[in-house]
Amino acid sequence: DDFWLTALPGNVLHSNGTTFTRSFTGTVPVGGIIGTAANDIWVSGAEGTLLHWNGAVWTPVASGHTEGFLDRAGATGPNDVWWWIGSDLVHWDGTAIATTTIAPGSATVNTSQFTDAERIGGRWWLVGYSGTVSTLTAASALQPVVEPGMMGMQSMWGAADNDLYFATGGEIFHWDGATTTRLPVTARRVTGVRTGNVDELFAGGYRLSDDRTQYVALGFHHDGTTWTSVDLDVAPFAANRYFEAIAPLGAGEAI
């Protein structure tokens, strides 16, 4: 009964479980959301925009950046919230914003092409269109883990640093800390929950309609053993309707 969405150009919507209302209206595009509590929601976006909800009002917070898109990266609590923008990691410690610049660390890594960043297993993981999976060293330098090979990665999720999933749009790759396994799932977005020792995955993607004139938006579910899929939406190419985000609400449920 407490769900948040962003909508272009710069709107924030809130649902009480029954209806959506507009909570914030702006002109700068926003799209990143992190929440640690009902009274601690962060929204970020273009031009380094950063907004904070304290349960009553939205307050702009200076991120130290005025160009580029500030995207959510993760949070362990209200005093430990992270974003990334270009080659920088931006951190809120409960009092102030600080920026750490990521050093290239490898000639094969292009920081401008990263598409997702997550803090998993106490380490930073970054993926990008170039196919590189990297983590950060103590010196904030990128350390390639998997060199180019998994191309066009668009999202990631993991329960631990030896249990990670990467979605490319055509496949999902699983990393066990040493090797990768290809899963034939046409997903752009992947997320999940881990219950006991089982990964339950939710993913979104699309396929062409049988007459090849429309996109069919797909929802995927993996119960730890079997993948299932369902057609969730059909629209002409021009409508460009597909899923940009999936949020797991717990075991057996996602939105």
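Predicted model: local features only at pLDDT ≥ 70, side-chain atom pairs only at ≥ 80, totals over all residues.
## Residue N11

N11 belongs to strand β2, which covers residues 11–15. Is the residue buried or exposed? Its relative accessibility is 6%, and buried means under 20%, so N11 counts as buried.

Two polar partners can be named for the side chain of N11. One is the side chain of R22, joined to the side chain of N11 by a polar contact of 3.1 Å. The other is the backbone oxygen of L8, which the side chain of N11 reaches at 3.4 Å.

## Aromatic pairs

A pair of aromatic rings is described by two values, the distance of the centres and the angle of the planes. The structure contains nine aromatic pairs. One of them is formed by W42 and W83: the ring centres are 5.1 Å apart and the planes stand at 70°, so this pair is edge-to-face. W42 is part of strand β5 (residues 40–45) and W83 is part of strand β9 (residues 80–85), so the pair ties together parts that lie 41 residues apart in sequence.

W42 counts as buried because its relative accessibility is 2%. W83 is buried as well, with a relative accessible area of 0%.

## A ring cluster

Which residues do ring pairs link into a cluster? They are W4, F24, W53 and W58.

Terms used:
Residues numbered from 1 in each chain as written. Heavy atoms only, no water. Helix = DSSP H or I, 4+ residues; strand = E, 2+ residues; numbered from the N terminus. Buried < 20%, exposed > 50% of the residue type's maximum accessible area, 1.4 Å probe, protein only. Polar contact = N/O pair within 3.5 Å; in protein donor to acceptor, adjacent residues only side chain to side chain. Phe/Tyr/Trp six-rings, centres within 6.5 Å; stacked < 30°, edge-to-face > 60°.
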